[in-house]
Amino acid sequence: MSVEDLTAEQIMTRVLVTVTAEESPLMAWELMRRADVHHLPVVDDACHVLGVLTREDVAATWCGGGPDEHSRRQVGSLLGRRRLPKVGPGQTLSRITCVMLDVGCDAVPVVSAAGRLLGLITVSDVLKAVSGRAARDEEQGRTRESGGEVRTGLFHLSPVLPPD
């Protein structure tokens, strides 16, 4: 398979850590740190993408306040009004890279026709595809579950608060 023939479905990261817009930047930072990721898709209850939060977004808004202050803010306020490019699972690698370059982003959500999050493509995923590693992983069956079905694993951590 040539690089030009690769699609979003073949190169996207499927197992993702996500947050909701109501989550605190403190929790988002901790999730990114523990999962060793630089991007967190921000989703609503129906798993529609509202934006992609980066480590830089959180760090740029970190002020002199302590953890208590940062736990009261919400991730949604960090997303701003920037454009959110999205691609479908059948989009080619060439189209995906054009979208990333045109918008100036380093991560693009892959969404279904209904707008639900299926995966995320980062610059690292693009580099793996160009280097030939994405195609090799698929041939060895690492990117698809048995039966050819693609499964997306989405995780969300909710803090347990003591009763009032």
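Student: Why is C105 called partly exposed in this predicted model?

Tutor: C105 has a relative accessibility of 22%. Buried means under 20%, and exposed means over 50%. The value for C105 falls in between, so C105 counts as partly exposed.

Student: Why is C98 called partly exposed?

Tutor: The relative accessible area of C98 is 35%.

Student: Where does C105 sit relative to the second largest pocket?

Tutor: C105 is among the residues nearest the centre of that pocket, along with V52, R82, R83 and L84. The lining has 16 residues. Strand β4 (residues 49-54) gives the largest share, 4 residues. The space in the pocket is about 270 Å³.

Student: What makes up that lining, by residue class?

Tutor: It divides into 8 nonpolar, 5 polar and 3 charged residues. Cys, Val and Leu count as nonpolar, and Arg counts as charged.

Student: Now T7. Why is T7 called buried?

Tutor: T7 has a relative accessible area of 17%. The cut-off for buried is under 20%, so T7 is buried. T7 is found in the segment before α1 (8-11).

Student: Which residues does T7 touch, beyond those up to four places away in sequence?

Tutor: T7 touches P89, G90, Q91 and T92. Contact means heavy atoms within 4.5 Å. T7 and S94 are 87 residues apart in sequence, but their C-alpha atoms are 8.9 Å apart in space.

Terms used. Residues are numbered from 1 along each chain as its sequence is written. This is a predicted model: local features need pLDDT of at least 70, side-chain atom pairs count only at pLDDT 80 or more; totals for chains, interfaces and linings use all residues. Side-chain values use heavy atoms; hydrogens and water are left out. Helices (H or I, at least four residues) and strands (E, at least two) are DSSP runs, numbered from the N terminus. Buried means under 20% relative accessible area, exposed over 50%, partly exposed in between (1.4 Å probe, protein chains only). On a 1 Å grid over the protein atoms alone, a cavity is a set of points where a 1.4 Å probe fits but cannot get out, and a pocket is an open set with protein on both sides within 12 Å along at least five of seven lines; lining residues have an atom within 4 Å of a point. Grid points are joined across faces, edges and corners, and a volume is the space filled by probe spheres set on the points.
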